[in-house]
Amino acid sequence: MKILAIETSCDETACAILKDGEKILTNLVASQEELHRRYGGIVPELASRKHMEVILPLTQEALERANLGLEEIDAVCVTNGPGLIGSLVIGVSFAKALAYGRKIPLIACDHINAHILAVFLEKEKPPFPFVALVVSGGHTALFWVKDYLEFYLLGQTRDDAAGEAFDKVAKLLGLGYPGGRIISRLAEEGNPDLIPLPRPMLDKPGFDFSFSGLKTAVVNYVNDLKLKGLSVPIHDLCAAFEKAVVEVLKEKAVAALLATNCQHLVLAGGVAANKRLRETLKHEAQKRNFKLYLPSPEFCTDNAAMIAVCGYHKYLRGEFASLDLDVYARANFKKLSL
Ligand code: ATP
Ligand code: MG
Ligand code: FE
């Protein structure tokens with residue numbers, strides 16, 4: 001069974017073909033980083049225009065690389081939210097046309113559900129139920145995951161997402177775009193313990209996060225140095241910021257494991273590619289005796305292979321979408337209160 005997956009929720013146009021739910025035949029990602037760099041962030045109108053330009057040749061290339069014809073594809077799945085409406089509409093319209101033209105099922109996938117399922121592309125798969133920490137550009141949340149398509153929100157950020165905080169701090173320090181990777185590279189050469197930064201929400205119970213205050217603390221620190229005519233120790237500041245974010249994520253994830261009496265933690269989303277976060281959680285897993293499941297970095301950031309995994313499980317359940325499928329900007333997670 002071969003499923004073709006399309007992802008255009010943000011600024012990556014992606015197409016993947018997956019066989020029998022786990023064998024990747026192709027996984028292509030066309031990033032728009034270059035296009036948005038000079039604006040220091042994503043310009044939605046430019047993003048959708050670029051998706052429009054790239055989606056057809058990218059899909060053709062995916063089929064070519066897998067050495068398949070369109071007639072050999074059994075179903076088409078596509079992200080229909082959450083994300084940028086203009087971007088989502090391109091992918092969804094394209095997928096509808098493919099499904100209609102070929103008379104094969106159309107499947108709608110939730111982008112966050114797919115991020116959680118990225119780990120199933122790895123050899124070692126987590127057993128249900130597990131706790132998932134999703135840290136991306138638009139979301140930072142803890143979920144209790146009961147099954148492939150059934151997950152419940154334990155807590156989430158009240159303001160900025162972790163990835164968004166990385167990107168904003170990088171912009172503020174004039175380091176470029178996108179900020180996550182740049183900060184983590186600079187942080188490797190810094191000392192994380194020289195600049196004191198807050199650990200927001202650790203003093204509060206529950207599983208919510210907040211990162212905008214941490215960003216403000218960085219702003220204040222930089223402004224203070226500038227007023228004094230001192231230069232900013234960029235490496236140390238990046239390291240301190242990264243450590244503060246990672247510690248909060250770690251503490252809340254551990255609390256969620258304890259509260260749900262669960263021994264399996266899955267990491268997901270673009271920030272899950274962060275080395276310090278991965279290493280810190282590995283260390284914590286050893287210390288506290290839980291099992292950690294990490295997707296490879298290429299499956300952490302946006303990709304269509306994870307959408308295909310989600311689509312595959314919907315296919316098995318016969319959950320198909322109709323041709324009037326709509327898109328949505330914001331997630332509406334089911335909550336679990338403990
Ligand atoms: P969402 O999934 O919430 O809709 P998104 O799809 O834009 O948002 P992802 O592609 O999952 O987000 O992740 C992108 C984010 O990950 C960006 O904010 C980026 O800075 C961050 N990121 C990527 N690599 C790293 C890294 N090594 N360290 C920290 N952050 C990183
Ligand atoms: Mg992106
Ligand atoms: Fe994403």
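Biologist: What distance separates the centres of domain 1 and domain 2?

Modeller: The centres, taken over C-alpha atoms, are 27 Å apart. Domain 1 covers 2-116 + 300-316, and domain 2 covers 124-294; such bounds come from an automatic or database domain assignment. Please note that this is a predicted model, in which local features need pLDDT of at least 70 and side-chain atom pairs count only at pLDDT 80 or more, while totals for chains, interfaces and linings use all residues. Residues are numbered from 1 along each chain as its sequence is written, and chains are lettered from A and ligands numbered from 1 in the order in which they are written.

Biologist: How many residues does each domain give to the contact?

Modeller: Domain 1 gives 15 residues and domain 2 gives 19 residues, two residues being in contact if their C-beta atoms, placed from the backbone, lie within 7 Å.

Biologist: And which elements give two or more residues to the side of domain 1 that touches domain 2?

Modeller: They are α1 (33-37), α4 and α11. Helices (H or I, at least four residues) and strands (E, at least two) are DSSP runs, numbered from the N terminus. The most comes from α4, with four residues. By class, this side of domain 1 has four nonpolar, seven polar and four charged residues. Here Ala, Val, Leu, Ile, Met, Phe, Trp, Tyr, Cys and Pro count as nonpolar, Asp, Glu, Lys and Arg as charged, and the others, Gly among them, as polar.

Biologist: Let us turn to the ligand. Why does ligand 1 lie between the domains?

Modeller: Domain 1 and domain 2 both give residues to the shell around ligand 1, so the ligand lies between them.

Biologist: How many residues surround ligand 1, and which are the closest?

Modeller: There are 25 residues around ligand 1, and the closest are Gly137, Gly138, Gly163, Gly180 and Gly270; a residue is near a molecule if its C-beta atom, placed from the backbone, lies within 6 Å of it. Two or more residues of the shell come from each of α4 (111-117), α5 (162-172) and α6 (179-187). The shell divides into five nonpolar, 16 polar and four charged residues.

Biologist: Which residues does UniProt list for "binding site"?

Modeller: The unreviewed UniProt entry lists His111, His115 and Asp302. UniProt positions are given in the numbering used here, feature names are shortened, and annotations may be inferred rather than shown by experiment. The three listed residues span 192 residues in sequence, yet no two of their C-alpha atoms are more than 8.9 Å apart, so they gather at one spot. His111 has its place in helix α4.

Biologist: On to the sheets. What is the strand order in the sheet that holds β1?

Modeller: This open sheet of five strands runs β3-β2-β1-β4-β5, with mixed pairing; two strands pair if DSSP finds at least two bridges between them. The edge strands are β3 (23-31) and β5 (106-110), each of which pairs on one side only. Strands β1 (residues 2-7) and β4 (residues 75-81) run parallel and are joined by four bridges, with Leu4 opposite Val76 in β4.

Biologist: Which strands does helix α3 touch?

Modeller: Helix α3 (residues 85-102) packs on the sheet and touches β1, β4 and β5, its direction making about 160 degrees with that of β4. Axes are lines fitted to C-alpha atoms, for helices over the stretch in contact, and angles run from 0 to 180 degrees between N-to-C directions. Helix α11 (residues 305-316) lies across β1, β2 (12-19), β3, β4 and β5, at about 130 degrees to β1.
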